[in-house]
Structure formats: C-alpha cells, structure tokens
Amino acid sequence: MKTRMTSLDIRAMVTSCRQSLLGLRVANVYDINAKVYVIKLAKADCKVFLLMESGIRFHTTKYGRDKSNVPSGFTMKLRKHIRTRRLEDIKQLGIDRVIDFTFGSGENCHHVLLELYAAGNLILTDANYNILTLLRTHKFEEDVRVAVHQRYPFEHSASESTLPQLTYDQVQQVLDKDDNASSANTAAVVPSVSAEQQGSSDDEQGHLRQQQQLQQQQQLQQQQQLQQQQELQQQ
C-alpha cells in the first residue's frame, strides 16, 4: 500500500487541480499541524480547500479541518504574501515530486513549492524563486542548500528528458502489470495518514477515484501517442 504520491500520481493531481482551481483567489491559509496546511480558495460562486501535507500529498477537499487556535509563524508568512492573490498556475517540476503553485502574476507573484519526497518541505518564494520562508532547511549537495535567502535549486529537479525511451510493446507490458496490481489492491493510492483525517473518509475516497480516473486517461493517451510514433517509424 502506498504511503506517498508517486510522480504519476502528482501528474494526475496537477491536471485535476489546474482544471478546478486556476483563477480562484486565496481567502485564507490555515495550519492543521506542523506538516499539514490548508489554503482556502474562493470566488463568487465557489469555495474550495486545497490541502497540502509536506512529504505526503496534496488535493482539494470540500471539508474543513480543525485548525490550530494560534496560527504558526509559517502560516502568518503565507497569509502576508499570498492572501487575496489569484492562483495563476500549478505545475510539476519535470518528473520530480515537487509542485509549484504560482499566486499572483508578474514581478509581484509568489510561489509555494511543495516537496513530496524524503522528509518533505513547503517553501514560499518570491517571483524569482528566492526563498522567503520554509518548513525545514536541507542540502542537495555540500554547497547547494535549500534555505532562506537562497534561490531554489531547480537544476536538481528530475527533468522529463531523463525518462527512458520505451517501445509501444514495453509500455503495454507496464500498463498490463499495473492493471493487475491495481485489481489485487484497490487501495493502492495515498491513504489517510493522520488522526485529523479520519473524519473525512468520503472526501478521501472521492479523491482516490479522481486520481485513478485521471491516471487511466493519461495512460491511454501515452499508449496512443507511442502507437502513432511506432506506425510513423514503420512507414
């Protein structure tokens, strides 16, 4: 059973969130605990909560959570820089397990970077990706630090160009194997992992179904593209 989102899970969720969240404004930011944060997004006829759990997952939800009585310093910093801003973009950094949320536009925009690998991280930057605040400081290498006043090191993100080139038959084998594994374990997507989430099982199940549907769509598209490429090569 998975306890973290894979790169494919992230790709599917980014696609879903882009469709439902872009253009909404930040109404407020809350911290549930030291690793779980909720961004309330809204417009005239719509209200959505975007949940981010450092190192684990992100997704939308219709349900509120029990919030901290006193906002943390990190939450206050997020409120200062992104509240009232419009969510303009959501993207995955290459094939890495890092998601870039852009609030506002131009030189006045800010980015929230969510790292879903290792111990995880949540990072607030300015328009040029200079780090303003973050949950934890860490190093990629001895001379490459993720810390306040440093620029986020994009060169250490996995690029899509690092993906191996597979034939149509090889992709079909992988998809068949994945389908068999899914049927043997229907709960093989991100589970509920903290006590605060136990009261929202319906919301989580809807999120999992949404992920699975998007993954199937992406797999089909990839399969069709590879088949077309193979046919062109044969011509």
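Select Glu53 and Arg57: both are buried (under 20% relative accessible area; exposed is over 50%, partly exposed in between; 1.4 Å probe, protein chains only). Glu53 forms a salt bridge with Arg57, closest N and O atoms 3.1 Å apart (a side-chain nitrogen of Lys or Arg within 4 Å of a carboxyl oxygen of Asp or Glu).

This is a predicted model: local features need pLDDT of at least 70, side-chain atom pairs count only at pLDDT 80 or more, and totals for chains, interfaces and linings use all residues. Residues are numbered from 1 along each chain as its sequence is written, and side-chain values use heavy atoms, without hydrogens and water.

The structure holds three salt bridges. Go to Arg18 and Asp89, where the closest N and O atoms are 2.4 Å apart. This pair joins helix H1 to strand S5 (residues 87–92), 71 residues apart (helices, H or I, at least four residues, and strands, E, at least two, are DSSP runs numbered from the N terminus). Arg18 is partly exposed at 36%, and Asp89 at 24%.

Next, pick Asp100 in strand S6 (residues 98–103). Asp100 is buried yet has no salt bridge; Lys91, the nearest side chain of opposite charge, is 4.2 Å away (Lys and Arg count as positive, Asp and Glu as negative; His and the chain ends are not counted).

Finish at Phe101. Leaving aside neighbours within four places in sequence, its contacts (heavy atoms within 4.5 Å) include Leu50, Met52, Phe58 and Leu114.
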